[in-house]
Amino acid sequence: MRHWLRQRRRPPRRTVTAEVMTALVDINMLSLNITEAQWLLRHVAPLTDAETQTITRFLEAAAACLAETPPLSAPADQWHALQARARALNAEFTRLRDRVTGGDDRAP
């Protein structure tokens, strides 16, 4: 009984909001795209210098975006900004991958 009473007096745990969860989905996709971009650099040959530079710039921008991931308790506007940036980078990578692979879905 005492245990139950102590639990009832504790403040409720903060839950992760829907905004944070949707941003985390886009961040996770960005992380997967980083891995695929690294794979493209190592395994797709021949890449032009322009393609190599574009992939390298994407990797740098994506790593910077991931480094800016706020704590879960951050305000929703920080998560919205990060989500927008991650979505833009993911869209950029999709176009880049299609250009490099010729739209071939066999790339990882």
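Guide: In this predicted model, α2 passes α4 in a left-handed crossing. The residues that form the contact of α2 with α4 comprise 13 nonpolar, 6 polar and 5 charged. Two packed helices are described by the angle between their axes and the distance between the axes. For helix α2 (residues 18-43) and helix α4 (residues 76-101), the angle is about 30° and the axes lie 9 Å apart. Angles under 35 degrees count as roughly parallel, and α2 and α4 are therefore roughly parallel to each other.

The surroundings of this pair may be considered next. The largest nonpolar core holds 21 residues, of which L30, I55, F58 and W79 touch the most other members. Two or more residues of this core come from each of α2, α3 and α4. In soluble globular proteins, nonpolar side chains tend to be buried together. Apart from neighbours within four places in sequence, I55 is in contact with A37, L40, L41, L47, L96 and V100.

Between α2 and α3 (49-67) runs a loop that contains P46. The peptide bond leading from A45 to P46 is cis, with omega near -5°, whereas most peptide bonds are trans.

As for the whole, the protein chain has 4 helices and 0 strands, in the order α-α-α-α from the N terminus. Of its 108 residues, 30% count as buried. Among contacts between residues at least 6 apart in sequence, 71% join residues at least 24 apart.

Note on methods:
Residues numbered from 1 in each chain as written. Predicted model: local features only at pLDDT ≥ 70, side-chain atom pairs only at ≥ 80, totals over all residues. Heavy atoms only, no water. Axes fitted to C-alpha atoms, helices over the stretch in contact; angles between N-to-C directions. Parallel < 35°, antiparallel > 145°, perpendicular 65-115°, else oblique. Left-handed = near helix turned anticlockwise from the far one by under 90°. Nonpolar A, V, L, I, M, F, W, Y, C, P; charged D, E, K, R; others polar. Core = buried A, V, L, I, M, F, W, Y, C linked by side-chain atoms within 4.5 Å. Buried < 20%, exposed > 50% of the residue type's maximum accessible area, 1.4 Å probe, protein only. Contact = heavy atoms within 4.5 Å.
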